Structures are given as C-alpha cells and as structure tokens.
Amino acid sequence: QVQLVESGGGLVQAGGSLRLSCAASGRTFSRYAMGWFRQAPGKEREFVAAISWTGGSRYYADSVKGRFTISRDNAKDTVSLQMNSLKPEDTAVYYCAVRLVGIATMDRYEYDYWGQGTQVTVSS
C-alpha cells in the first residue's frame with residue numbers, strides 16, 4: 001500500500017503563492033504517476049495537474065495552466081505543486097494521488113491512492 005500526506009495549505013491573498021507538498025511512503029520506488037486534484041464546496045473533485053513517473057510528461061487543467069507547476073523528486077518520494085497568481089476560485093481542498101502505472105492521466109478514477117487533503121483558501 002501507499003500512504004500520502006499533503007502539506008503546505010493555508011490562507012493566502014489573491015495574487016499570492018503557495019507551495020503544496022505530498023510525501024509518499026511505502027515501496028513505490030517512485031515508479032508511479034502522481035497527480036493533484038481539488039474539491040471545492042458543492043463541487044466534484046476535479047483534476048489540477050499530473051506528472052509521469054519519470055517527470056517527463058506533465059499535464060494541467062486549463063484553469064491552472066500557466067499559474068501552477070507540478071514537480072517531483074523521486075529520490076525523496078515527493079510531489080509538489082507550486083501555485084502562483086492564486087485566485088479566489090482556487091479555494092478548495094487539494095489532494096495528491098498516486099496511480100499504480102507510470103503514465104499520468106487526468107481521470108481521477110484512474111488513481112489508486114489518495115491523501116487526506118490540505119485546505120487552500122484564497123481571499124479576495
């Protein structure tokens with residue numbers, strides 16, 4: 001099994017930045033795709049960003065493209081999400097996820113393990 005723990009959430013003003021981190025434990029050997037999803041009140045969980053196990057392929061939701069950057073450090077079994085130019089509509093609980101395949105996807109149903117989430121609140 002894989003355990004995931006997110007950190008870095010908090011309250012920030014519009015236009016500000018936050019960096020989320022997700023630490024994975026278990027014998028993953030970093031050979032899995034990882035992704036970030038978010039869920040706002042009254043909304044379904046939506047895709048934010050994903051990265052292949054090599055880090056060679058990255059995908060972003062249109063709503064965050066150009067503002068967010070996903071990265072990973074396989075030696076540390078971590079994935080990060082740098083969020084810049086934050087908007088109030090970015091407010092949500094952010095979850096990291098692991099897919100037991102190296103190819104990243106945008107489909108939340110393809111991911112096998114999930115963290116507990118970290119709250120990001122952007123004030124206007």
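Author: A salt bridge is here a side-chain nitrogen of Lys or Arg within 4 Å of a carboxyl oxygen of Asp or Glu. This is a predicted model, in which local features need pLDDT of at least 70 and side-chain atom pairs count only at pLDDT 80 or more, while totals for chains, interfaces and linings use all residues. Residues are numbered from 1 along each chain as its sequence is written, and side-chain values use heavy atoms, with hydrogens and water left out.

Reader: Which residues are linked with R38 in a network of salt bridges?

Author: R38 forms a salt bridge with D90, with the closest N and O atoms 2.9 Å apart, and D90 in turn meets R67 in a salt bridge of 2.8 Å, N to O. The network that links these residues also includes E46.

Reader: Are R38 and D90 buried or exposed?

Author: The terms rest on relative accessible area, where buried means under 20%, exposed over 50% and partly exposed in between, for a 1.4 Å probe and protein chains only. For contrast, K65 and D62 form a salt bridge at 3.0 Å between the closest N and O atoms, and K65 counts as exposed at 52%, as does D62 at 64%. R38 and D90, however, are both buried.

Reader: Why is strand β5 largely enclosed by the rest of the structure, and how many of its residues are buried?

Author: Strand β5 (residues 46–51) pairs antiparallel with β4 (residues 33–39) through 5 bridges, where two strands pair if DSSP finds at least two bridges between them. On β5 there are also 3 bridges to the antiparallel strand β6 (residues 58–60). Strand β5 is largely enclosed because, of its 6 residues, the number buried is 5.

Reader: Which residue in β6 stands opposite I51?

Author: In the hairpin of β5 and β6, 6 residues lie between the strands, and G55 takes a positive phi near 80°. Across the pairing of these strands, the residue opposite I51 is R58.

Terms used: Helix = DSSP H or I, 4+ residues; strand = E, 2+ residues; numbered from the N terminus.
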